Amino acid sequence: MMNGLPSHAVIRSAIQRISVSGSHASLDVLSVEEPLEIRLEYGPANQRVIKSISVTMRTPGNDQELALGFLYTEGMISSAAAVKKVYAVKDSCSIGKENIICVALIEGVEPNLAQAERNFYTTSSCGVCGKASIASIRTKQPAPLESRVPINLDCEILYGLPEKLRLAQHSFDATGGIHAAGLFTLAGELVMLREDVGRHNALDKLIGSSLSSAIPDLNKHILLLSGRASFELIQKAAMAGISIVAAIGAPSSLAVELATESKMTLLGFLKENRFNIYISNVNIIIPQSHENKTKGQFHQI
């Protein structure tokens, strides 16, 4: 453990620290980045097939959740009920590290391997590297998200989410170089948080954990992203049935387009006292103390 963090998530590195007052030898804490291979095991009991699906650069930890979430958000499996077990593969080349995770499906369940062919390698900085075109990264998505009952979002609750996420980010506190995805209730309670050097990995870990935990009504929760909202992150949220996404950074044009198509709510640049509404399918309650008093609520824009 290092500053309360798992030893596999961070390391210390000797550095030379430079400032206007001079230079001196010091130690810095770095987020660990290592490859993880995700494999699928499927087929009849007497003819099991094991196939390598993807290699992603990630921060070690919650690897089984990452593998499960990745397969689900990429459309290769349809639910956690398809999974028999998830296990780490021991490999003599990995020097004792568990850098291979295999997801074994129950007999009779066939994975959608057509989706696997579009993404054999992703990096920690770009979740869509190697994908041939925009058309190829539109995986099989569920029907557009619809709220069963009207949802109200309190502006003041939204303002407080970034600080709650920040306080829960232990790895970021130590390294300053890691992304987070947090799941909140509509009342602003943090339900779950996952961190990783790859923003798409952090979200896959969170979604994989929610599948395992069977959290009900993901469409009545708020997903908060610590950075920008890219197309792939909105796609993964839509695949998981999450209808409200807020990002501390900016969304991309394609992220806004997909959120619109999926009837999601997408907020960006969420700070202590401001945010932008890019698309809304919920009621966002605006305090009357705000300068813009033209409405007490925003509906879809």
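Helix H4 is mostly covered in this structure, with twelve of its 15 residues buried. The model is a predicted one. The buried positions of H4 are Arg199, His200, Asn201, Ala202, Leu203, Asp204, Lys205, Leu206, Ile207, Gly208, Ser209 and Ser210. The helix comprises residues 199–213, and at 1.5 Å a residue its 15 residues should span 21 Å; the C-alpha atoms at its ends are 21 Å apart, which agrees with that expectation. Just after H4, Ala214 adopts a positive phi of about 55°.

One of the buried residues of H4, Asp204, takes part in a salt bridge with Lys236, with an N to O distance of 3.0 Å. This pair links distant parts of the chain, since Asp204 belongs to helix H4 and Lys236 to helix H5 (residues 231–240), 32 residues apart.

In the whole structure, a search finds nine salt bridges. Among them, Glu34 pairs with Arg58, the closest N and O atoms being 3.9 Å apart. Here too the pair links distant parts of the chain, with Glu34 in strand S3 (residues 34–42) and Arg58 in strand S4 (residues 49–58), 24 residues apart. Glu34 counts as buried because its relative accessibility is 14%, and Arg58 counts as buried because its relative accessibility is 1%. A further salt bridge joins Arg39 to Glu37, the closest N and O atoms being 3.0 Å apart.

At the level of the whole chain, the fold contains six helices and 16 strands. Of the 301 residues in the protein chain, 51% are buried. Among contacts with a separation of 6 or more, 52% are between residues 24 or more positions apart. The protein chain exposes about 14000 Å², of which carbon and sulfur atoms supply 54%.

In soluble globular proteins, nonpolar side chains tend to be buried together. The largest nonpolar core of the present model has 47 residues, and the members that touch the most other members are Leu40, Leu71, Val103, Leu223, Leu225, Ile234 and Val245. Apart from this core lies another, of 22 residues, which includes Ala180, Leu224, Ala246 and Val282. The surroundings of Leu223 can be described in more detail. When its neighbours within four places in sequence are left aside, Leu223 is in contact with Ala181, Gly182, Leu203, Ala237, Ile242, Ile244, Val245 and Ala246. One of these contact partners, Leu203, is among the buried residues of H4, and another, Val245, is itself listed with the residues of the largest core that touch the most other members. Ala246, also in contact with Leu223, belongs to the core of 22 residues.

Lys263 has a phi near 55°, a positive value in a residue other than glycine. Lys263 is located in the loop between helix H6 (253–261) and strand S13 (265–268), and at 38% relative accessibility this residue counts as partly exposed. Phe269, likewise not a glycine, has a positive phi of about 50°. Phe269 is placed in the loop between S13 and strand S14 (276–279), and its relative accessibility of 29% is the reason why Phe269 counts as partly exposed.

Strand S14 contains Ile277. With a relative accessibility of 17%, Ile277 counts as buried. The C-alpha atom of Ile277 is separated by 4.8 Å from that of Leu267, although the two residues are ten residues apart along the chain.

Definitions and conventions. Residues numbered from 1 in each chain as written. Predicted model: local features only at pLDDT ≥ 70, side-chain atom pairs only at ≥ 80, totals over all residues. Heavy atoms only, no water. Helix = DSSP H or I, 4+ residues; strand = E, 2+ residues; numbered from the N terminus. Expected span 1.5 Å × (residues − 1). Buried < 20%, exposed > 50% of the residue type's maximum accessible area, 1.4 Å probe, protein only. Salt bridge = Lys/Arg side-chain N within 4 Å of Asp/Glu carboxyl O. Core = buried A, V, L, I, M, F, W, Y, C linked by side-chain atoms within 4.5 Å. Contact = heavy atoms within 4.5 Å. Areas by Shrake-Rupley, 256 points an atom, 1.4 Å probe, with all protein chains shown as cover.
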